[in-house]
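Please view the sequence and the model first; the notes then proceed by topic.

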Amino acid sequence: MLFLMGVIIVGIGSSLHSFWTNPSRRHYLSLQNLIVLVYVYVTLLLGFGLVYMILDLLKISALAIDEFPLSGSFLQKLEASMYFSATTVLTVGYGDITPVGIGKWIAMLEALIGYLLPAAFVVRTFIEHDKK
């Protein structure tokens, strides 16, 4: 399980790295830049969702619904983990699922990345345009 978490972290890191090293420099907004941004967001969403799920499989409580740990079948827990990950990286969350324990630190990191990514995308686009 720890190996899988390491692979996920490397995947998230490489996704963020590809965002900064993508060589498209032709337009302020190109289809290639949009595809890269969607790829980065999907990778973050899936990666962090799997981290929450792996922690649950290791019996480490990271998410709670109404102050109770996630319950139900594997697919229901996976769905809740992915949903929480999506609402955390794309918004500030809805509050129906809350992080607990180590999940709070993971959610803070995920929210920070989700919050900074659009600004980084805009800055990168303008810097590349000015280099021309």
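Leaving out residues up to four places away in sequence, F84 touches Y52, L63, I97, P99 and A107, where contact means heavy atoms within 4.5 Å. The model is predicted, so local features need pLDDT of at least 70 and side-chain atom pairs count only at pLDDT 80 or more, whereas totals for chains, interfaces and linings use all residues. Residues are numbered from 1 along each chain as its sequence is written, and side-chain values use heavy atoms, with hydrogens and water left out.

- F84 is found in helix 3; helices (H or I, at least four residues) are DSSP runs numbered from the N terminus.
- With a relative accessible area of 5%, F84 is buried, a term for residues under 20% relative accessible area with a 1.4 Å probe and protein chains only.
- In sequence F84 and Y52 are 32 residues apart, while their C-alpha atoms are 9.0 Å apart in space.
- Beyond its neighbours within four places in sequence, Y52 is in contact with A62, L63, S81, F84, S85, G103, I106, A107 and E110.

**Nonpolar core**

- The largest nonpolar core has 28 residues, of which L44, F48 and Y52 touch the most other members; such a core is a set of buried Ala, Val, Leu, Ile, Met, Phe, Trp, Tyr and Cys residues joined through side-chain atoms within 4.5 Å.
- Two or more residues of this core come from each of helix 1 (2-21), helix 2, helix 3 (74-90) and helix 4 (102-131).
- Helix 2 gives the most to this core, with 11 residues.

**Salt bridge**

- A search of the whole structure finds 1 salt bridge, defined as a side-chain nitrogen of Lys or Arg within 4 Å of a carboxyl oxygen of Asp or Glu.
- K77 forms a salt bridge with D56, and their closest N and O atoms are 3.3 Å apart.
- This pair links distant parts of the chain, 21 residues apart, with K77 in helix 3 and D56 in helix 2.
- Both K77 and D56 are buried.

**Largest pocket**

- The largest pocket holds about 170 Å³ of space, the volume being the space filled by probe spheres set on the grid points.
- Its lining consists of Y52, D56, L57, K59, I60, S61, A62, L63, P69, L70 and K77.
- A pocket is an open set of points on a 1 Å grid where a 1.4 Å probe fits, with protein on both sides within 12 Å along at least five of seven lines, and lining residues have an atom within 4 Å of a point.
- Helix 2 (residues 31-57) provides the largest share of this lining, 3 residues.

How values were computed. Buried < 20%, exposed > 50% of the residue type's maximum accessible area, 1.4 Å probe, protein only.
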